[in-house]
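Please walk me through this structure, starting with how its helices cross and ending with its charged pairs.

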Amino acid sequence: MKGALFLLVYLSGGLWIIRCLLPRQRVLPRLWLGLSLGMFLLMWLPALVAFLRPFDATAQWLSFIGLFALCLAAFLLRSKSPLVKSSQEDRKDLRLLLLFALPLSLLGAFLQYTHVLRPVEGALHVGQSTYGDLPLHLAIATSLEGKTLPADYSILPGTLLGYPFLADSLATSFLTLGFSLRDAMVIPACLLMALVLWGYWLLARRACASRGAACLAFLFLFLNGGLGFLYAFDMAGVSLGSSGQNQLQQGQWLERLANIFQGWYQTPANHAEFSTYNLRWSNLVADLLVPQRTFLAGWAVLLPCLYLIVDGMKSQARDLRPWAVTGLLAGGLPLVHTHSFLALALCSAAWFVHSLTRKKPVLPWLVYGGTALLLSLPQLLFFTFRQSGQEGFLRFHFNWVNNLSGFGLQDGLLWFYLKNIGLPLLLLIFSLFEKNPWHKRLLLGALFIWIPAELVLFQPNSYDNNKLLYVAWALAAIPAADYAVLSYQRLKAVPARPLMAVLAAFMMFTSGLLALVREAVSDYPMFSREDIALADFVKENTAPDSRFVTGFQHINPISSLTGREIIVGPDLWLHFHGFDTGERQAALRAFYQSPRANGDVPVRYGADYILLGHEERRLGGSEATLDPLYEVVYEADGYTLYRVPEA
């Protein structure tokens with residue numbers, strides 16, 4: 001109840017601020033902008049309090065002081081323009097918005113429900129896309145409770161948490177107010193996903209030439225997947241592969257579909273055999289919005305910024321309030337999602353240069369850019385640049401994942417993008433031949449994102465550059481959709497036009513739909529009932545600041561379910577965050593194999609407890625070597641927990 005009230009107050013605050021500052025916005029965008037601002041403030045204000053005192057329930061209520069101050073400031077600085085009322089145009093937009101965004105919002109909520117710690121016979125299950133990264137987000141969310149910011153990585157103590165953590169601290173806020181871990185993760189994510197889906201439709205409606213084009217741009221972005229399904233159905237009467245080798249073409253006829261729906265990353269939108277089919281244009285909903293919480297939260301802030309900028313460029317209004325609101329949102333992006341901040345900065349630079357060369361007013365850009373720079377600079381200096389200063393960040397690398405390890409292109413540049421993006425890419429290329437200044441302006445922003453993403457890796461994992469490329473595609477999909485609608489109108493005299501449209505839709509959306517169906521049916525156990533029992537004991541019987549010697553597997557009930565620190569986590573995350581874990585991992589291996597000879601390891605790393613479970617036994621640990629040295633405080637279901645004597 002407290003958490004629901006807390007959420008309601010923040011959403012109401014966001015709606016009030018937008019009502020005061022942006023009354024000339026139409027009803028639907030105004031409501032969406034208000035809710036988005038409310039969620040943005042809900043991520044930021046409690047975290048700001050936590051820089052001064054522990055991140056607990058009191059910090060959440062104290063954050064209302066900042067919220068009320070912003071509401072008061074918005075009232076004092078309110079626009080004198082009359083509030084725009086609902087119109088027939090708004091009702092038409094609402095019908096289409098519900099038709100397109102509501103089904104995907106419900107699907108997103110369903111995927112959050114099934115993919116985030118779903119209880120099944122005492123265990124906790126997840127989906128395919130959340131199997132990899134969810135334990136990291138759980139570890140951050142649970143470890144921040146009661147901490148004062150800035151905090152360390154709970155899976156690498158002594159190292160500043162420079163990773164954008166506000167999407168996870170959002171869940172921490174609800175944990176401190178009594179939500180279960182599952183609810184604290186699922187409920188905000190469902191709301192953020194709805195805001196992203198509804199927001200992009202409204203952005204496309206503002207930027208596209210027609211409602212139909214806005215709907216098509218929406219589908220281009222969220223049902224993306226390219227032409228990979230053709231591989232799955234090519235020579236379907238012959239089995240051309242086996243498990244792990246040409247697996248997309250394993251089996252005959254309906255067996256091919258069974259492989260897609262049941263195999264591990266066998267969808268034609270994002271296939272596990274990278275060097276075989278080179279299918280890497282992951283479906284945005286299945287592979288990014290659902291599992292990657294920072295990406296989801298980042299887009300919930302990014303899209304309002306893009307909308308307000310597009311609205312400002314199209315309307316040429318002199319009111320600076322929308323630009324100041326954009327600067328506030330953009331300035332808070334680095335610790336929400338750094339890639340979204342970078343993408344926004346790149347396209348904004350392009351549009352600012354365009355305004356300069358066309359001698360258009362630059363004061364709005366200066367208000368927006370100055371506000372964003374002032375707010376973002378401390379985050380960049382104290383968090384982002386420290387993180388990106390690690391080895392493997394910022395290096396030249398041409399053509400993203402089509403150039404594995406820099407050994408040369410696997411596919412021709414155009415063919416790589418054509419088969420991954422599909423027919424919408426051709427529509428985009430054809431749209432360039434139309435004399436449409438607005439399209440060219442949008443595409444200039446997309447180009448300023450795409451070129452750096454093609455030439456530079458901004459993190460050790462080359463795949464993560466897609467977080468930039470998808471922002472560029474979100475902009476580029478608008479001219480592509482406009483051109484598709486224009487082409488359909490030009491074919492009015494062709495009797496086969498409806499059939500052509502159906503076939504084109506089949507080619508454009510089949511891969512994306514297959515990816516969504518696969519994700520909807522995926523189901524994997526993550527934490528067993530034994531893991532949960534261990535975690536419950538640890539939460540009830542150890543201090544919150546306790547540190548544990550454990551294995552460094554990615555599914556770890558200690559770090560993910562209890563928030564306690566462990567000596568070192570898996571390279572699955574830490575390597576791609578730029579950290580070298582070799583020394584700590586070697587020390588833990590040596591300790592488990594010979595705890596008597598390496599008894600200094602727990603003391604050296606400040607550990608309070610030692611865990612012996614399935615993963616630790618794989619490292620060489622055993623009761624025979626640990627029992628004589630340490631006191632047993634818990635033993636059940638294959639787990640033994642030892643206490644490290646005080647030094």
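A crossing of two helices is called left-handed if the near helix is turned anticlockwise from the far one by less than a right angle, and right-handed if it is turned clockwise. The model shown here is predicted. In it, helix H15 passes helix H20 in a right-handed crossing. The contact draws on His 339, Leu 342, Ala 343, Cys 347 and Trp 351 from H15, and on Lys 467, Leu 468, Val 471 and Leu 475 from H20. By type, these contact residues are seven nonpolar, one polar and one charged.

Two packed helices are described by the angle between their axes and the distance between the axes. For H15, which covers residues 338–357, and H20, the angle is about 45 degrees and the axes are 8 Å apart. That angle makes H15 oblique to H20.

Helix H13 (residues 293–315) and helix H14 (residues 321–331) form another pair, with axes that come within 9 Å and cross at roughly 155 degrees. Angles over 145 degrees count as roughly antiparallel, and H13 and H14 are therefore roughly antiparallel to each other. Their crossing is left-handed. On the H13 side the contact is made by Val 301, Pro 304, Cys 305, Leu 308, Ile 309 and Gly 312, and on the H14 side by Pro 322, Trp 323, Val 325, Thr 326, Leu 329 and Ala 330. This contact has ten nonpolar residues, two polar ones and no charged ones.

The next topic is burial. Helix H5 spans residues 134–143, and because ten of its ten residues are buried, the helix is largely enclosed by the rest of the structure. Among the buried residues of H5 are Leu 134, Pro 135, His 137, Thr 142 and Ser 143.

A residue in a loop can be looked at in the same terms. Ser 462 sits in the loop between strand E8 (456–457) and helix H20 (466–490). Its relative accessible area is 17%, so Ser 462 is buried. Leaving aside residues up to four places away in sequence, Ser 462 touches Trp 400, Val 401 and Leu 457.

The charged pairs come last. Side chains of opposite charge can pair when their charged atoms come close. How many salt bridges does the structure hold? There are 21 salt bridges. Arg 26, Glu 89, Asp 90, Lys 92, Asp 93, Arg 205 and Arg 211 are linked in a network of them.

Arg 321 forms a salt bridge with Asp 319, with 3.0 Å between the closest N and O atoms. Arg 321 is partly exposed, with a relative accessible area of 29%, whereas Asp 319 is buried at 15%.

In another salt bridge, Asp 536 pairs with Lys 539, and the closest N and O atoms are 3.8 Å apart. Asp 536 and Lys 539 are three residues apart in helix H22 (residues 529–541), so they are separated by about one helical turn. Asp 536 is partly exposed, with a relative accessible area of 33%, and Lys 539 is also partly exposed, at 42%.

The side chains of Arg 547 and Glu 565 meet in a salt bridge as well, at 2.8 Å from N to O. Because Arg 547 lies in strand E10 (residues 547–549) and Glu 565 in strand E11 (residues 565–566), the pair ties together parts that are 18 residues apart in sequence. Arg 547 is partly exposed, with a relative accessible area of 22%, while Glu 565 counts as buried at 12% relative accessibility.

Definitions and conventions:
Residues are numbered from 1 along each chain as its sequence is written. This is a predicted model: local features need pLDDT of at least 70, side-chain atom pairs count only at pLDDT 80 or more; totals for chains, interfaces and linings use all residues. Side-chain values use heavy atoms; hydrogens and water are left out. Helices (H or I, at least four residues) and strands (E, at least two) are DSSP runs, numbered from the N terminus. Buried means under 20% relative accessible area, exposed over 50%, partly exposed in between (1.4 Å probe, protein chains only). Contact means heavy atoms within 4.5 Å. Axes are lines fitted to C-alpha atoms, for helices over the stretch in contact, and angles run from 0 to 180 degrees between N-to-C directions. Angles under 35 degrees count as roughly parallel, over 145 as roughly antiparallel, 65 to 115 as roughly perpendicular and the rest as oblique. Ala, Val, Leu, Ile, Met, Phe, Trp, Tyr, Cys and Pro count as nonpolar, Asp, Glu, Lys and Arg as charged, and the others, Gly among them, as polar. A salt bridge is a side-chain nitrogen of Lys or Arg within 4 Å of a carboxyl oxygen of Asp or Glu.
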